[in-house]
Amino acid sequence: MTDFEKIEITTEFIKLDSFLKFAGVTDTGGQAKELVLEGQVKVNGEVCTMRGKKIRHGDTVECLGQKFQAVQAGNTQE
């Protein structure tokens, strides 16, 4: 995997719309919801329109040309 910014999560999972806001892709949850519902977000390489999709350690998220990987806090050495 290359060029993925690692985003540390401290819980077992984070919902996709919250992840986008947490990663700084959007300023509000409403903006994140719109991006997801418009099909502009990929999770693990596939378009995802479920804003409540659970993002877990190791999952990748792509949106607006940005790429992220969720990593469990304290486990960024992958």
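Strands are DSSP runs of E at least two residues long, and they are numbered from the N terminus. In this predicted model, glutamate 12 sits in the loop between two such strands, β1 (5-9) and β2 (13-15). The relative accessibility of glutamate 12 is 58%, so this residue counts as exposed. Its contacts, leaving out residues up to four places away in sequence, are with Ile55 and Arg56. Glutamate 12 and arginine 56 are 44 residues apart along the chain. Their C-alpha atoms are separated by 6.4 Å.

The chain as a whole holds two helices and seven strands. Read from the N terminus, the order is β-β-α-α-β-β-β-β-β. The radius of gyration is 11 Å, close to the 12 Å that the globule rule gives for 78 residues, so the chain is as compact as a globular protein of that length. Along the principal axes, the C-alpha atoms fill a box of roughly 35 × 25 × 20 Å.

Of the contacts between residues at least 6 apart in sequence, 52% join residues at least 24 apart. Buried residues account for 33% of the 78 residues. The accessible surface of the chain is about 4700 Å². Carbon and sulfur atoms contribute 44% of that surface. Charged side chains number 10 positive and 12 negative. The centres of these two sets lie 6 Å apart.

Phenylalanine 22 belongs to helix α1, which covers residues 16-22. Is its side of the story buried or exposed? With a relative accessibility of 53%, phenylalanine 22 counts as exposed, because the cut-off for that class is over 50%. Apart from neighbours within four places in sequence, phenylalanine 22 is in contact with Ile7, Glu8 and Ile14. Alanine 73 lies 51 residues from phenylalanine 22 along the chain. The C-alpha atoms of phenylalanine 22 and alanine 73 are separated by 14 Å.

Two loop residues have a positive phi without being glycine. One of them is asparagine 44, with phi near 55°. Asparagine 44 lies between β3 (41-43) and β4 (46-47), in the loop that joins them. Its relative accessibility is 44%, so asparagine 44 counts as partly exposed. The other is leucine 64, which has a phi of about 50°. Leucine 64 is placed in the loop between β6 (60-63) and β7 (66-72). Here the relative accessibility is 52%, and leucine 64 therefore counts as exposed.

How many disulfides does the rule give? The count is zero. Cysteine 48 is in no disulfide, and the nearest cysteine sulfur, that of cysteine 63, is 11 Å away. A disulfide needs the two sulfur atoms within 2.5 Å. Cysteine 63 is likewise in no disulfide, with the sulfur of cysteine 48 as its nearest at 11 Å. Cysteine 48 has a relative accessibility of 6% and so counts as buried. Cysteine 63 is also buried, with a relative accessible area of 2%. The cut-off for buried is under 20% relative accessible area.

Methods
Residues numbered from 1 in each chain as written. Predicted model: local features only at pLDDT ≥ 70, side-chain atom pairs only at ≥ 80, totals over all residues. Heavy atoms only, no water. Buried < 20%, exposed > 50% of the residue type's maximum accessible area, 1.4 Å probe, protein only. Helix = DSSP H or I, 4+ residues; strand = E, 2+ residues; numbered from the N terminus. Rg over C-alpha atoms; globule rule 2.2 N^0.38 Å. Contact = heavy atoms within 4.5 Å. Areas by Shrake-Rupley, 256 points an atom, 1.4 Å probe, with all protein chains shown as cover. Lys, Arg positive; Asp, Glu negative; His and termini not counted. Charge placed at Lys NZ, Arg CZ, Asp CG, Glu CD.
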